[in-house]
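Let's learn to read a few features of a protein model together. Have a look at it first.

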Amino acid sequence: MERRRFGPSDLEITPVGIGTAPIGSSPDWWVWWGRQDPAESIRAVHAALDAGVNWIDTAPFYGWGRAEEIVGRAIRGREDVLVFTKCGTMRRENGDDFMDLRPAAIRADVEASLRRLGVDCVDLLQIHDRDPSVPVEETWGAVLELVAAGKVRHGGISNHRADEVERALAVGPVAGLQCEYSVLSLNAEEAILPLALERGLGVIVWSPLASGFLTDGFSLDELDERDFRRTHPFAQLELEDVRASLRAAGRTAAQGAIAFVLSHPAVTGAIVGVRNERDAAELAPAARLRLTADELAAIASRA
């Protein structure tokens with residue numbers, strides 16, 4: 001599978017990576033994706049890696065450590081995978097979450113992630129979301145200290161504004177950014193993707209399948225009654241025409257959705273959640289797919 005340089009770092013990543021939010025699904029996490037068998041999750045990760053995918057994106061937030069623990073089991077003894085995780089999302093007693101990007105909180109979060117993942121160092125640590133109560137300069141300084149200490153190879157920034165990224169860059173190197181980007185969510189095109197191109201930063205995008213809404217056969221009626229997608233804003237949209245444009249020319253809707261985000265020149269890779277071996281089998285064909293200008297225009301016209 002093709003490898004792409006991730007910004008100014010020495011990381012070479014495949015166009016698609018393994019997303020782990022769905023395999024973190026657990027009853028005590030409000031982002032409920034329905035029941036998920038850990039053994040099936042591990043088989044899905046192995047199938048994706050065996051097909052040539054070389055990176056996994058995870059976070060302590062996904063199932064409050066469940067996803068990282070499953071990833072740790074899946075990658076044990078394997079040297080063919082880059083591990084990306086995040087920091088800063090904390091849990092309240094009522095199950096809600098909040099951001100804490102103070103240096104001490106970041107250090108504690110990373111130590112816990114290393115234990116769950118069973119590794120001494122993660123390849124990319126990303127601050128997960130904004131914490132307006134802590135200056136980004138202070139937060140980024142803490143990330144760079146972890147790089148210097150050998151706990152982290154590279155630092156990245158997820159879900160931040162362009163001006164905050166610029167402030168972090170004034171403190172020290174930023175390998176890349178993570179942002180939401182899909183046919184149904186194009187906000188990143190306004191500032192973040194142009195900034196990445198201008199500054200030579202890598203970009204990995206989350207939810208290219210719009211939490212499953214851009215996949216063939218997606219049905220709200222078949223979801224678990226507690227599934228968070230039942231109340232998602234996308235649930236109010238009529239999406240069959242969009243899916244039809246994505247699945248044209250013999251490809252699946254999922255493959256078309258992934259190819260759409262990878263067509264942007266700023267995007268290095270797409271994070272695709274996998275829950276089973278069938279999902280994993282979609283990754284390699286999507287990574288190879290190239291959409292024509294006419295196909296991109298047709299998809300954009302339906303969005």
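Q: What should I know before I start?
A: This is a predicted model: local features need pLDDT of at least 70, side-chain atom pairs count only at pLDDT 80 or more, and totals for chains, interfaces and linings use all residues. Residues are numbered from 1 along each chain as its sequence is written, and side-chain values use heavy atoms, leaving out hydrogens and water.

Q: How are two packed helices described?
A: By the angle between their axes and the distance between the axes. Here α5 (residues 162–171) and α6 (residues 192–199) pack at about 25 degrees, with axes 10 Å apart. That makes α5 roughly parallel to α6 (angles under 35 degrees count as roughly parallel). Helices are DSSP runs of H or I, at least four residues, numbered from the N terminus. Axes are lines fitted to C-alpha atoms over the stretch in contact, and angles run from 0 to 180 degrees between N-to-C directions.

Q: Which residues of α5 and α6 meet?
A: Contact means heavy atoms within 4.5 Å. Ala 162, Val 165, Glu 166 and Leu 169 in α5 meet Ile 192, Leu 195 and Arg 199 in α6.

Q: What does Ser 26 touch?
A: Leaving aside residues up to four places away in sequence, Ser 26 touches Trp 32, Gly 63 and Arg 66.

Technical notes:
Helix = DSSP H or I, 4+ residues; strand = E, 2+ residues; numbered from the N terminus. Parallel < 35°, antiparallel > 145°, perpendicular 65-115°, else oblique.
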